[in-house]
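I opened my notebook today to look up how two chains meet and how one of them is folded. Here are my entries, in the order I made them.

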Amino acid sequence: MSAVLEVAGLSKSFGGVKAVSDVSFSLAAGELLALIGPNGAGKTTCFNMLMGQLRPDTGTIKLAGRDIAGLAPRRIWRLGVGRTFQITATFASMSVRENVQMALLSHHRRLLSLFADAGSQYIDDAMALLTLVGMEAQAERPCGVLAYGDLKRVELAVALANNPKLLLMDEPTAGMAPRERIALMELTARIVKERGISVLFTEHDMDVVFAHADRIFVLNRGRLLAEGTPQQVRDNALVQETYLGSGAMFADGGQ
Amino acid sequence: MTAAPTADNGTPPLEFFLSQLLTGLASASALFLVACGLTIIFGVTRIVNFAHGSFYMLGAYIAYSAITALGGGFFGFWGGVILAALAAGLIGVAMEMTILRRIYHAPELFQLLATFGVVLIVQDVALYLWGPEDLLGPRAPGLTGAVAMGSQRIPEYDIFLILFAPLVLGVLWLLFHRTRFGILVRAATQDRQMVAALGVNQKWLLTGVFFLGAALAGLGGAIQLPKGNAGLTMDLGIIAEVFVVTVVGGMGSILGAYLAALLIALIRVFAVANAGSSLLGIQLWQVELVLIFAVMAVVLVVRPWGLLGKRETLTGHHGAVEPPLLAAPAALKWFALAVLALLVALPGMAGTYSLVIATEILIFALFAASLHFLMGVGGVISFGHAAYFGLGAYGAALMVKHFAWPMEAALFAAPLGGALGALIFGWFCVRLSGVYLAMLTLAFAQIAWAVAFQWIDVTGGDNGILGIWPSSWAATTPAFYGLVLVVVIVMLLAIRRIAFSPFGYALRAGRDSPLRADAIGIDVRRMRWFAFTLAGLFAGVAGGLFAFLKGSVSPDLMGIPLSVDALVMVLLGGVQTLAGPLVGAVTFTALKTELVSLTNYWRLLLGLVIVGLVIAFPQGIAGFVRDRFMAKETRA
């Protein structure tokens with residue numbers, strides 16, 4: 001299976017602090033890869049480099065063979081990467097349907113159209129996406145008044161609007177109630193399996209991670225700590241130390 | 001502002017240059033004092049205080065009166081200066097306690113508007129108290145002589161001023177690093193909420209900061225008195241330069257303000273010292289203002305947060321979450337049709353005077369709508385939208401004047417003029433965001449104004465261009481009204497259409513969440529640049545029509561007051577509704593016309609009305625009506 005995403009030797013420092021150092025991994029088509037690690041492990045920095053918000057100091061990020069390191073987020077999106085944010089980012093002055101239509105308009109390169117009626121474009125496509133995430137009943141509500149869990153679903157629909165090869169989801173279930181978390185991740189997993197989309201997600205909720213990830217990638221202090229199937233990671237002594245804590249972790253802390 | 005230099009009368013160039021340098025440095029002192037007051041206030045309150053120039057002006061007037069009352073002499077003079085600073089500080093406190101305290105949580109534009117209301121009030125109060133004539137400043141006792149430097153003589157007072165600014169800088173440094181108040185101010189500049197959480201009484205901290213900032217401005221006005229006058233144009237005269245200094249130095253940075261003030265002094269010196277050279281047929285000393293603003297533009301493109309400022313954290317929107325932009329409900333559409341019918345029937349009912357006013361209101365409605373498109377839909381705040389109105393007016397007038405174009409052709413030059421200016425200025429502006437962007441728009445408007453004012457051969461300078469009359473078929477008042485009505489309606493419909501087009505949606509997307517917009521392939525900066533250009537185009541149409549209505553153009557059409565008028569119209573009407581700017585233009589123009597005919601002190605009344613409206617309706621009139629009477633599911 002050819003890799004959808006191939007990351008090699010990725011590093012980023014802030015001042016003297018190495019936030020991410022020499023991280024490499026790859027992601028196969030249709031695979032769900034979880035990126036986990038304690039606070040400050042470098043997950044977000046890693047994500048921001050993949051999403052184009054940070055330029056890596058070194059390393060390559062290849063999307064279907066093409067290096068995208070340092071490209072602007074909007075260009076990365078055009079290459080088929082959808083994304084959701086840790087804190088949802090939607091257009092509050094638009095309805096749920098219009099949010100999805102906006103992404104569709106951009107996907108079809110209609111942004112400079114000055115006189116068409118935006119609200120009547122791609123309605124069917126937008127409704128289909130909203131039905132997919134179970135938001136069709138709320139299509140006409142303004143995004144500004146939605147419950148947080150519903151906003152996450154809208155984000156998912158928006159992220160799917162450009163038929164992405166890859167979804168980057170930064171803590172997709174952060175801030176949600178436990179039952180909602182499971183429902184959202186089940187929905188996500190079902191959709192991406194159906195469509196053969198690869199997913200890279202970060203997550204703090206280990207239930208979510210172990211239930212849905214095909215593979216898990218553990219970061220600690222900017223470095224790869226462990227990698228493998230959920231079972232392998234669960235059994236990994238280093239990971240247990242990192243998460244549960246031990247004296248050893250602090251003993252070699254000065255590296 | 002600057003007298004024609006006398007470099008070629010045999011003075012050695014170096015000595016001439018040095019004496020110019022010292023003069024420039026002396027003039028930087030007052031500018032620094034005012035700018036550091038503004039920057040301190042902004043740092044803590046996040047309010048861009050338009051009225052800061054008014055404190056400067058009041059400082060000069062009060063110093064004049066106090067020195068006169070105290071009978072001059074050493075103690076009379078310096079006592080007067082100190083009194084002026086204290087009085088300006090207290091006036092600042094009064095403004096903070098009565099007005100700003102009520103609107104700290106309002107969107108920043110409304111705060112700005114309220115401070116502009118204060119500018120208007122102070123202008124008329126000063127007119128009432130001190131009269132329309134400039135008052136010649138008294139000289140400083142003990143510093144009336146001059147020091148010889150080669151063949152040049154440097155006034156002692158200049159030397160005092162040059163030393164005074166670093167002295168103030170040092171005192172402020174001690175204040176901010178050695179006193180509890182100063183440390184709190186610095187802490188609040190970094191994180192006001194955290195300071196509040198630590199139990200500091202915010203109220204008095206903010207009031208204290210306002211006192212300090214206003215007193216510094218007052219001091220600036222007072223100490224420049226021996227070098228010039230106290231006059232009624234001091235407030236807006238200095239505010240643009242103060243904005244430049246604060247922004248170039250970095251908002252909130254006192255040392256930055258000092259460096260920027262010095263930089264501007266040096267540009268002045270450079271412009272004067274190279275007085276012989278010319279650019280595009282304009283003497284270089286005349287383009288001093290242009291040079292200053294050009295330097296600002298360059299600094300901001302290279303370092304968008306100023307020389308010593310901190311990088312702005314990306315904020316998605318200013319103030320509250322924008323409610324959805326709704327298509328007008330049916331009732332409103334009928335109402336609009338009724339208004340339209342009334343407008344069509346107006347020439348049959350109204351007299352010539354009313355019809356001229358109605359024409360003017362229509363033109364301003366288009367002008368305001370063009371600004372609203374940029375601000376409301378695009379989320380881009382412009383303090384200098386009059387530039388594009390003026391460029392449109394000049395575009396048309398220049399074609400008539402220099403190429404004898406008929407009205408019909410010249411009216412096509414107007415939108416081109418506005419759009420071209422906006423295309424060029426906008427390219428710089430959209431690189432910044434928030435307050436920095438807004439201040440850059442003001443700076444560009446001042447450049448346009450300075451060019452119109454100083455490029456006398458082409459623009460006629462202060463006198464402008466006269467004799468811009470409509471073609472014969474549109475020469476009567478009703479006919480011209482009809483022309484304006486048709487053009488304005490077509491343009492307003494076009495703006496409305498664009499607001500609901502994919503482009504308009506993409507603009508709103510960039511305003512609502514730049515992060516998300518970028519993540520779905522929208523080039524927010526480019527969208528804003530196009531929006532800027534389009535807004536310039538529509539403003540240009542309005543300017544072209546205005547030129548033919550008045551029969552003339554003058555640099556005033558690009559001045560700060562007109563830019564602020566447009567802001568007032570948009571904010572009065574409410575930023576979040578498409579009908580807002582129309583309601584605002586009608587209300588504002590009618591109000592202003594009425595007040596002007598009523599009293600000489602119309603600015604005072606207008607200022608009070610603006611301040612009152614901001615406090616009463618922070619949503620604007622149309623926004624208030626919509627929320628009150630058409631409230632649906634718009635707010636959580």
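Predicted model: local features only at pLDDT ≥ 70, side-chain atom pairs only at ≥ 80, totals over all residues.

**Where the chains meet**

I started with a salt bridge: Arg516(B) pairs with Glu155(A), and their closest N and O atoms are 2.6 Å apart. Residues are numbered from 1 along each chain as its sequence is written, chains are lettered from A and ligands numbered from 1 in the order in which they are written, and side-chain values use heavy atoms, with hydrogens and water left out.

How many salt bridges cross the interface of chain A and chain B? I found two by the rule. I also noted 19 residue pairs in polar contact across this interface, both residues at pLDDT 80 or more. (A polar contact is a pair of N or O atoms within 3.5 Å; within protein, one must be able to donate a hydrogen and the other to accept it, and residues adjacent in sequence count only if both atoms are side-chain atoms.)

Next I looked up which elements of chain A touch chain B. Helix H2 (73–78), strand S6 (81–84), helix H3 (96–107) and helix H5 (148–160) of chain A each supply at least two residues. H3(A) gives the most, with five residues. (Helices, H or I with at least four residues, and strands, E with at least two, are DSSP runs numbered from the N terminus.)

Then I turned to the area. Chain A and chain B bury about 3,000 Å² between them, with 64% of it on carbon and sulfur atoms. In chain A, Arg74(A), Phe91(A) and Ser93(A) lose the most area to chain B, together 21% of what that side buries. (Buried area is the accessible area, 1.4 Å probe, that two parts lose on being put together, summed over both.)

**Sheets in chain A**

I traced an open sheet of four strands in the order S2-S1-S4-S5 (chain A), with antiparallel pairing. Strand S2 (17–28) and strand S5 (66–67) of chain A each have a single partner strand, so one side of each is left without a neighbour in the sheet. (Two strands pair if DSSP finds at least two bridges between them.)

I counted eight bridges between strand S1 (residues 3–14) of chain A and S2(A), and saw Lys12(A) opposite Val20(A). Five bridges join S1(A) to S4(A), where Ser11(A) faces Thr58(A). S4(A) and S5(A) form a hairpin with two residues between them, and Ala64(A) in the turn has a positive phi of about 50°.

My other sheet is open too: six strands in the order S6-S7-S8-S3-S9-S10 (chain A), with mixed pairing. Strand S3 (residues 32–36) and strand S9 (residues 215–220) of chain A run parallel, joined by four bridges. Here I found Ala34(A) opposite Ile216(A).

**Over in chain B**

Searching the whole structure gave me 15 salt bridges over all chains. One of them joins Asp158(B) and Lys227(B), 2.6 Å from N to O. Asp158(B) lies in helix H5 (residues 156–178) of chain B and Lys227(B) in the loop between helix H8 (202–223) and strand S4 (229–230) of chain B, so the pair ties together parts that are 69 residues apart in sequence.

Technical notes: Salt bridge = Lys/Arg side-chain N within 4 Å of Asp/Glu carboxyl O.
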